[in-house]
Amino acid sequence: MQQKTKLFLQALKYSIPHLGKCMQKQHLNHCNFADHYYNRIKLKKYHLNKCLQTKPKISELARNIPSRSFSCKDLLPIKQENEKSLSKNMDAFEKVRTKLETQPQEEYEIINAEIKHGGFVYYQEGCCLVRCKDEEADNDNYEVLFNLEELKLDQPFIDCIRVAPDEKYVAAKIRTEDSEASTCVVVKLCDQPVMEASFPNVSSFEWVKDEEDEDVLFYTFQRNLRCHDVYRATFGDNKRNERFYTEKDPSYFIFLYLTKDSRFLTMNIMNKTTSEVWLIDGLSPWDPPVLIQKRIRGVLYYVEHRDDELYILTNVGEPTEFKLMRTAADTPAIMNWDLFFTMKRNTKVIDMDMFKDHCVLFLKHSNLLYVNVIGLADDSVRSLKLPPWACGFIMDSNYDPKNCPFQLCSPIRPPKYYTYKFAENKLFEETGHEDPITKTSRVLRIEAKSKDGKLVPMTVFHKTDSEDLQKKPLLVHVYGAYGMDLKMNFRPERRVLVDDGWILAYCHVRGGGELGLQWHADGRLTKKLNGLADLEACIKTLHGQGFSQPSLTALTAFSAGGVLVGALCNSNPELLRAVTLEAPFLDVLNTMMDTTLPLTLEELEEWGNPSSDEKHKSYIKRYCPYQNIKPQHYPSIHITAYENDERVPLKGIMNYTKKLQEAITKHTEDTGEGYQAPNIILDIHPGGNHVIEDSHKKITAQFKFLYEELGLDNTNVFEDLKKFLKF
């Protein structure tokens, strides 16, 4: 299944726009989650300095809120970061990057939209969709298939590629960093490749072939961030484009997935807690689809196929965590599902991949990564505990049934290759250059006891030779929503902080998915305050164990993670000195009260329905950041927002900032002379989508804010960045 199972599991909790080309692709909410795990991608080597230059890079998100139409001139007069005040640091960053481009670099693995089919590799080169023969992939000897500039988009990039079974056509989904809208172009492969068709607002898409060897493209159409329609199209002399299916329930969304053996195209209809799957025959796509199991509230399932059997990853039965079941393909109903494999308690299924004779499960158990290799012939199970430094998987494409390749990474360590070889029944590690971070830093896994006694896992990074950690700056990360794991993919700027003496702490609070489905259930709806209690306990535990102190502690989050951060700023501001937020969701009550917003119905399972349920309304009022602002001391807060963010509109962030400034002004007046009011900075970026990770302007602004608020010397920050990039 490659990354599709991860996509499925995390899409249950949050939607994903585009993760970008220079980072681990993870999970993101609803209709366009398929964008990021859709390719059975091949990892291509690039220099790290190229990673910095790649503009189209957007992080995962966790809120699906439609955009509202307004311009900057309509915004309230909120204090914004002055670009001139950043010029010195910006110039320093540019000098570092320019110097790097002239120096030898170690190669760094990043993910690019690339797919191998038949004897060719299809990928993006410059502004073109190209292909080359597999054996010539490293020779820059390629054939141009389509020039993206023909679409007249600003900085377009290819997000996903699909090749028709007989290689008569190739389809590519093209996007820009300034919008979630996408265009799917279909190119006819011939002596002079030509664009055959283009479709707007496509989310997921797959090719199949009918009985007459005609290529058929199925695709989902996204409207107002919702994905409810499936279309079926053919090309050439028998051109057609027709609607195949429409989902009537607005709380559900659709994505398409082609099973690993290409035998079935699955149409997955799901919301946060329930799913339903239909099978489209990959050999007879004009036949009516076959329903596997009608949706049952609270039952999630996902399907793979092998040798006339369906392998079903589902939470049906007790315990209500994911387990692997199977049934004959011709008897797919739930009463025929047989239990095949169960997971240990507190286990998160990250991904699953199916091979001819093996099923490979990628797992997280008690905050550590594992790979379970199941022999399908003898039902044997081999469980492999992965290196303790590893925090995340990156799935590689696989065209060799004898091997299962993947990569491991952490927030401060670039991805490293591993391959499980079935014939030898062993895991092989990439040899060669060893990252010096393994010797210069430590990774610790500790737990905090929340107020109800629940143990909350944390992952902590710091320099090995750091002395007196209590005097070191601490940056705490949190998310805690949609059953989504806290992002722990490699980020260069995090590496820079550790090299400069910072402690990084990742708090895996309830509401996230690190310990399985129940961990999410215990932090949503009327249990959302558990996540807040967990975060408070984590920070107090860190301080209690000698990791920094409140005056040197900063807290960071993006999107829905802003709920817990904003709530903590209201309830326990004394724990923090500074906060950075990016595209934060801060007004839960008013958003969920407005059922006219296209995605509010999809969010009810996470936040509740305050419009019709007084219990939900009262509960949300207890923690909603916007609702609980009051005149008191607050930490300094830096908010990065995007003018054209379709999921967390700028206007809501402006309202929060205005109300917060008013409360701080009143507290300052009441306190009298001598009180040092916190800085509240709203840094609005033009254009943008939801979160843009590779913006050096954004990174520089956040670094500048953190160092100044914590009273740190930032003289060597850019030198540290240069030193890291030379690695």
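This is a predicted model: local features need pLDDT of at least 70, side-chain atom pairs count only at pLDDT 80 or more; totals for chains, interfaces and linings use all residues.
View 1. Pro-492, Glu-493, Arg-494, Arg-495, Val-496, Leu-497, Val-498 and Asp-499 of α6 are buried, where buried means under 20% relative accessible area, exposed over 50% and partly exposed in between (1.4 Å probe, protein chains only). Just after α6, Gly-501 adopts a positive phi of about 100°.

Residues are numbered from 1 along each chain as its sequence is written, and side-chain values use heavy atoms, with hydrogens and water left out. Local features need pLDDT of at least 70 and side-chain atom pairs count only at pLDDT 80 or more, whereas totals for chains, interfaces and linings use all residues.

**View 2. The largest nonpolar core.** This core has 91 residues; a nonpolar core is a set of buried Ala, Val, Leu, Ile, Met, Phe, Trp, Tyr and Cys residues joined through side-chain atoms within 4.5 Å. Among the residues with the most contacts inside the core are Val-476, Trp-607 and Ile-637. Leaving aside neighbours within four places in sequence, Ile-637 has contacts (heavy atoms within 4.5 Å) that include Cys-569, Tyr-656, Asn-679 and Phe-705. The charged end of Lys-528 sits over the ring of Trp-607, 4.3 Å from its centre; this requires NZ of Lys or CZ of Arg within 6 Å of the ring centre and within 35 degrees of the ring normal.

**View 3. Aromatic pairs.** The model contains 26 aromatic pairs, in which ring centres of Phe, Tyr and Trp (its six-membered ring) lie within 6.5 Å; planes under 30 degrees apart count as stacked, over 60 as edge-to-face and the rest as tilted. Tyr-420 and Phe-422 form an edge-to-face pair, 5.6 Å centre to centre with 65° between the planes. Tyr-420 is buried at 1% relative accessible area, and Phe-422 is buried at 9%. Phe-703 and Tyr-707 form a tilted pair at 6.4 Å and 35°. These two residues are separated by about one helical turn because they lie four residues apart in helix α14 (residues 696-709).

View 4. Strands β3 (residues 114-117) and β4 (residues 120-125) pair in the antiparallel sense over four bridges, pairing being assigned if DSSP finds at least two bridges between two strands. His-117 has Phe-120 of β4 as its bridge partner. Two residues lie between the strands, and Gly-118 takes a positive phi near 60° in this hairpin.
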